[in-house]
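These are my notebook entries on a structure I examined residue by residue.

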Amino acid sequence: MSEHRSGFVSFVGRPNAGKSTLTNALVGQKVVITSDKPQTTRTVVRGIVHREDAQLILVDTPGLHRPRTLLGERLNDLVATTLAEVDVVAVCFPANEKIGPGDKFIATEMAKIKRTKKVAIATKTDLATPEQIGAHLLDIQALGAEIGVEWQEIVPVSAQAGDQIALLADLLVGLLPEGPQLYPDGDLTDAPEEILAAELIREAALDGLRDELPHSVAVVVEEMNLRPDRPEDKPLLDIHANVYVERDSQKGIIIGPKGSRLKSIGSRSRQQIEALLGTPVYLDLHVKVAKDWQRDPRQLRKLGF
């Protein structure tokens, strides 16, 4: 019987490199929001992969980027502290795009974190031809040599198609230290349920919005309680949440004509939350304006950053 291994793995990569989708594919259940809008992950949600021989804890960091606002700086601080504490950093390079300055910036930052093992993952291989993938793997290798990173492995995967996900899990487990189980069997993530609910609401709010809005939307779950005096076999979870935007005009966009958009955000996120928590949910959503919250330290604190 080989020893049980456990440890932390962080996926990094520029926004939209496929990190969240990969986390979800490995855990086998939706725990991290995925959105085609870059920069949607803000909380360090950990997905947990339970195996007989190991426990792999996935730390989902916000996309590393050059900070433009106070929020950006806080995110980058969070990323740097997270990465110094993990066992393996897996850098994601989407196979359907050439390696660019953003990828190089991130890989160079990773090179500074000395004691952490580094793996390169070519993501989204379902969107690339075999020739593209081959060239991409050589480019990743060349980048490692150029910046002085020794990749323990370079693995092509498609989280969407499920290709090589099991192989990736095996390789990551192999790089973990020996150790006991760190979380109970049933846990898929250690993010408090309020944070997961807020992220799912935020995902639904961003879905289909034009590009100027993503950074302007924050969601805070104000209250989340099981409704009292319900029979045990018919629970109902009451969730009261506020969607914050920076300007009145954005409030109108989120609410939509005659409230149609807000209604659709509510019903979609409610279904996702019910699926994740396994309980019927009553969701009460309000849209509020918090002027220029991304640049205001007091508001950032209030909104959880």
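I took a salt bridge to be a side-chain nitrogen of Lys or Arg within 4 Å of a carboxyl oxygen of Asp or Glu. The model is predicted, so I noted that local features need pLDDT of at least 70 and side-chain atom pairs count only at pLDDT 80 or more, while totals for chains, interfaces and linings use all residues. Residues are numbered from 1 along each chain as its sequence is written, and side-chain values use heavy atoms, with hydrogens and water left out.

**Entry 1: salt bridges**

I looked up how many salt bridges the structure holds, and the total is nine. One of them joins the side chains of R51 and D53, with an N to O distance of 3.1 Å.

For exposure I used relative accessible area: buried is under 20%, exposed is over 50%, and partly exposed lies in between (1.4 Å probe, protein chains only). R51 is partly exposed at 27%, and D53 is likewise partly exposed at 28%.

I then turned to E109 and K112, whose side chains form a salt bridge at 2.9 Å, N to O. E109 is partly exposed, with 27% relative accessibility, whereas K112 is exposed, at 53%.

**Entry 2: a pair within a helix**

I recorded a salt bridge between the side chains of E274 and R270, at 3.6 Å from N to O. E274 is partly exposed at 23% relative accessibility, and R270 is partly exposed at 28%.

**Entry 3: a network**

I also noted that R14, E97 and D103 are linked by salt bridges into a network.

**Entry 4: Q55**

I located Q55 in strand β3, which spans residues 54–60. Is Q55 buried or exposed? I found Q55 buried, with a relative accessible area of 1%.

The side chain of Q55 makes a polar contact of 3.1 Å with that of H50. Such a contact is a pair of N or O atoms within 3.5 Å; within protein, one must be able to donate a hydrogen and the other to accept it, and residues adjacent in sequence count only if both atoms are side-chain atoms.

Finally, I listed contacts (heavy atoms within 4.5 Å). Leaving aside neighbours within four places in sequence, the contacts of Q55 include H4, R5, I48, L176 and Y183.

Terms used:
Helix = DSSP H or I, 4+ residues; strand = E, 2+ residues; numbered from the N terminus.
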